[in-house]
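Please walk through this model with the sequence and the structure side by side.

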Amino acid sequence: MTSNGSTILVVDDEIGIRRVLKVCLASAGFVVYESASGHEALSVISELQPDLVLLDLGLPDMDGSKVVTRVRQSNQCPILILSIRDQESDKVTALDAGADDYLIKPFGNRELLARIRALLRRGRSETLTTNFKCGAFTIDEAHHAAQIAGKPVRLTRTEYTLLKSLVHRQGNVATHRQLVREVWSGMYNENALHVLHVTISNLRRKTERDPLRPQFIVTEPGVGYRIATGSQRLP
Amino acid sequence: MNLVDPDSGPPRPPSRLSGASFYNLITKSLAADQEDRPAGTRYLLAVATVAAITGLGIVLDLQVAPTNLAMLYLLAVVFASFKWGLGPALTSSLISALAFDYLFIPPYRSFAVTDAWYVITAATLMCVSVLISFLANAVREQATAARRREAHTAALYSLTVSLGVARRPDEVLKCAADHIKANFGWDVAFLLLAETGELAMAYEPPGVNLDAAARATAEHVFELAARERSGPLQGPFQLLTTVEGAIGVMVLLPFRPQYKGPDLPILQAVAAQVASSIRRARFEDRAREVQVLRKAEELQRTLLNSVSHSLRAPLAAILSALNPIAEADARPPILELARIAQAEAFRLDALIGNLLSMSRLEAMALKVKREPHDIQDLIGSALRDLQNPEGRNILVDVQPGIPLVSIDFLLIVNVLVNLLDNAIKYSPADLPVHIDAHLAGAEIELRVSDCGRGVPVAERDLIFGKFARGSGTSQTPGIGLGLPISKGFVEAHEGRIWVQDRPGGGSIFCFTLPLFTALHDACRLT
């Protein structure tokens with residue numbers, strides 16, 4: 001797969017991670033810029049307009065979600081969060097602030113490239129179509145119908161809307177808060193979360209062979225859900 | 001409060017001198033001598049005054065009427081009674097009457113009286129003199145009492161001011177004791193209620209000791225107060241009472257059974273002041289401690305975070321660099337070596353994670369973010385996170401229609417992964433591991449069972465302790481933090497964790513999780 005010389009800005013204060021990323025991304029054909037701090041990143045983004053930003057959450061000078069908010073004021077380029085485990089709430093904050101997806105350090109090369117390509121693809125394909133495909137799912141928005149692996153499934157209206165929200169993200173993560181807002185357009189609280197989990201559980205029962213080992217709708221612990229597109233680590 | 005110094009204002013015109021201040025002026029100038037001079041001198045002065053009047057009478061030699069002379073004698077008595085007290089006044093009354101009778105009433109130089117009118121004059125002089133002496137004495141005593149009250153009020157006021165500056169309870173006691181010594185002339189000791197429930201010496205003035213008898217009385221006074229029976233509160237023992245009850249006793253020293261100290265109301269006011277100041281100082285102390293504690297916790301958290309970051313960041317770089325090699329189609333020896341390095345680096349990462357979790361638990365720095373979650377989702381995530389390289393068969397049995405649990409998802413996934421990891425490690429590779437979840441009363445019980453050797457009864461509590469490992473586990477890698485961390489995480493959810501025998505061999509690790517009770521706070525935003 002070619003990357004057409006897309007430009008990627010890597011923002012991380014750890015030189016080790018930056019070097020690994022630079023090697024991996026350059027060998028995949030990307031042009032890589034580097035920043036070691038949030039402020040530097042902001043000026044690089046406004047000057048060089050990279051196609052995608054890889055943003056570490058543990059920057060010394062600025063909160064990750066603050067960087068995301070500042071970028072989003074002027075720029076809609078995809079932002080992929082890099083974070084270690086135990087930073088779930090920071091991740092969620094950054095995602096809700098407008099970041100598109102996240103990746104836990106340490107990451108696999110394939111997973112990294114797959115996420116980056118999915119984000120770049122999503123940025124480009126804004127065609128007027130009513131059919132969306134993602135992973136094993138196809139949804140036909142004109143007829144409010146969904147298919148899994150080519151076979152139609154009967155979904156309730158809520159289940160369909162939830163699936164549509166996930167499919168629209170093309171394999172990127174959707175946070176709990178985003179799903180509650182998009183599907184129920186309601187207030188995010190414990191009861192909304194309760195309804196979300198129950199709906200996901202029902203959706204899985206209709207689509208997964210073994211709901212305990214979901215293959216299609218994957219849980220991102222403490223963050224949200226995504227549709228598996230074949231690049232994720234699966235059980 | 002705005003205190004105005006009376007001297008600092010413009011001088012008042014003399015016409016506005018009020019009756020009260022005029023009276024004060026008179027009494028002050030008249031009473032000034034009383035405490036200063038010895039009694040003998042005062043009597044002598046009184047007699048001398050009478051002698052002077054008498055001398056004046058002789059010089060004038062009946063140029064004035066004897067009744068007018070009697071007026072002069074009266075003046076002397078009034079003067080003496082204000083200036084030198086009751087005794088000298090009575091003395092001067094007597095001498096005046098006698099001198100008047102002897103020298104100025106015919107027949108002269110004799111106490112005999114011929115004219116009946118002069119009997120009345122002499123007797124009246126005598127009576128009026130004595131009456132004036134007593135009245136003047138009463139006025140003087142009232143003035144003295146007023147002055148003492150004023151002094152005590154001033155002392156109490158300045159005590160309040162200086163106690164306000166004292167920060168710690170021991171400073172309060174020292175300050176109060178110094179003040180009472182300076183203003184009332186008494187040493188005081190303070191006994192305060194200790195945490196053990198006994199009265200302990202909190203302050204003893206230097207060089208003065210509280211003897212056993214005084215101490216026993218103090219304890220008795222305190223005990224009576226504690227039982228809310230008003231005991232015979234003696235002057236030298238003042239109870240220190242706050243709104244929360246009696247906190248100690250103030251003892252005036254040296255201890256004498258017969259109390260002759262400052263007025264009781266004043267003492268009670270002092271005791272109340274001291275008690276409330278101690279209470280305030282203790283609150284301040286506690287607030288300071290809380291602040292110090294909070295600072296320490298903050299430091300610990302910062303330290304944990306920075307350790308987490310500095311250890312894990314390079315490790316993440318190592319793993320991120322290794323992953324592409326291990327994933328790629330490298331030559332077999334390189335691929336093999338890369339995979340070994342990768343697996344070991346993963347282990348190190350998990351180990352650092354465990355150490356951090358343990359220190360967070362011990363530092364009480366664990367943040368539990370409880371939200372409703374689906375048990376199936378929980379088990380699914382644990383199965384995904386589990387390192388199960390040999391692909392051990394894991395059977396899952398979840399009670400249908402099981403309600404949601406209120407948990408911190410990541411913490412409980414961690415618990416489940418730990419238990420599954422142990423079950424895989426410590427049971428034969430060809431036998432399955434079971435997970436089952438069911439409703440047990442008002443909780444959900446999760447169980448991980450294996451067909452291993454089981455845990456001996458004697459070790460069942462021990463294995464949840466730090467760095468403890470069961471017997472016969474030395475061949476298996478691990479450092480023995482998985483179970484204590486799991487215990488900590490489960491208990492942070494008010495759950496329980498334990499191990500029991502599996503019928504037919506092996507062990508069952510069980511833990512409970514709280515149910516999510518919906519709708520009780522439907523409107524709360526998170």
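In chain A, the side chains of Glu111(A) and Arg115(A) meet in a salt bridge, at 3.3 Å from N to O, where a salt bridge is a side-chain nitrogen of Lys or Arg within 4 Å of a carboxyl oxygen of Asp or Glu. Both residues lie in helix α5 of chain A, four residues apart, or about one turn of the helix; helices (H or I, at least four residues) and strands (E, at least two) are DSSP runs, numbered from the N terminus. This is a predicted model, in which local features need pLDDT of at least 70 and side-chain atom pairs count only at pLDDT 80 or more, while totals for chains, interfaces and linings use all residues. Residues are numbered from 1 along each chain as its sequence is written, chains are lettered from A and ligands numbered from 1 in the order in which they are written, and side-chain values use heavy atoms, with hydrogens and water left out.

Arg115(A) also meets the side chain of Asp101(A) in a salt bridge, at 3.8 Å from N to O. This pair links distant parts of the chain, since Asp101(A) sits in strand β5 (residues 101-104) of chain A and Arg115(A) in helix α5 (residues 109-124), 14 residues apart. Asp101(A) is buried, with a relative accessible area of 0%, and Arg115(A) is buried as well, at 3%; buried means under 20% relative accessible area, exposed over 50%, and partly exposed in between (1.4 Å probe, protein chains only). Asp101(A), Glu111(A) and Arg115(A) are linked with Glu220(A) and Arg226(A) in a network of salt bridges, and the structure holds 30 salt bridges over all chains.

How many salt bridges does the rule find across the interface of chain B and chain A? The rule finds one, in which the side chains of Arg204(A) and Asp377(B) meet at 3.0 Å, N to O, and both of these residues are buried. The contact (heavy atoms within 4.5 Å) takes 40 residues from chain B and 40 residues from chain A. The two chains bury about 3,700 Å² between them, 56% of it on carbon and sulfur atoms, where buried area is the accessible area (1.4 Å probe) that two parts lose on being put together, summed over both.

Leaving aside neighbours within four places in sequence, Leu420(B) is in contact with Ala382(B), Leu383(B), Leu386(B), Ile394(B), Val433(B), Ile435(B) and Val448(B).

Ser96(B) is buried, with a relative accessible area of 0%, and, leaving aside neighbours within four places in sequence, it is in contact with Val50(B), Tyr73(B), Val77(B) and Leu125(B).
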